[in-house]
Amino acid sequence: MILKILYKRRRVAGVIVILSVAMIVWITLLTRKSYRSQIDLLPFHFIIGAREHPHILRAAFMNVALYIPFGYGMAEYASAKGKKQTIIILYAIILSGSTEIFQYLLSLGYTEVDDIILNTFGAMIGMFVQKWMNKILNNKIDFNGFETLIDRQIKYGTSQIFIL
């Protein structure tokens, strides 16, 4: 029974990883038109540009969000196989770095260190979501404090939450 559940978890995790990699390749490589290549090797350079161009923050958020399913699926797969999850960060860096290199070689836009950093951060969020979901499913998180907080909010209003 337990082996059957672990086998199903691995299969579902494998599907999530394959679909997320396909989505990453589709969005970052296959839907773009070739126009020019540029490289930006300055870390967190997007923060400076965001002051002048607010759409850069949206692009940064999308870079993070794009890799959350990858991190979740890889963490689920590693968890089902009993492997350490720290290697997932390396896989995210390799995948993100590879797509950035292909973007440069195929003249598909900007190649930025920021994208690799943000993509890796997204994969880490996916890993943490997977760990949190496993704790919830295994009833290792106590929601009594959260329910008490909601009861107080209803009873005293939202302004009282910040006083707690």
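Start your tour by selecting Leu42, which sits in the loop between β1 (36-40) and α2 (45-52); helices (H or I, at least four residues) and strands (E, at least two) are DSSP runs, numbered from the N terminus. This is a predicted model, where local features need pLDDT of at least 70, side-chain atom pairs count only at pLDDT 80 or more, and totals for chains, interfaces and linings use all residues. Residues are numbered from 1 along each chain as its sequence is written, and side-chain values use heavy atoms, leaving out hydrogens and water.

Next, select Met74. Beyond its neighbours within four places in sequence, Met74 is in contact (heavy atoms within 4.5 Å) with Val17, Ile88 and Tyr91.

Met74 also belongs to the largest nonpolar core, which has 13 residues. Such a core is a set of buried Ala, Val, Leu, Ile, Met, Phe, Trp, Tyr and Cys residues joined through side-chain atoms within 4.5 Å. Others to highlight among those with the most contacts inside this core include Ile24, Tyr67 and Phe70. Colour α1 (2-30), α3 (55-81), α4 (87-105) and α5 (113-137), as each supplies at least two residues of the core. Which helix gives the most? That is α3, with six residues.

How values were computed
Buried < 20%, exposed > 50% of the residue type's maximum accessible area, 1.4 Å probe, protein only.
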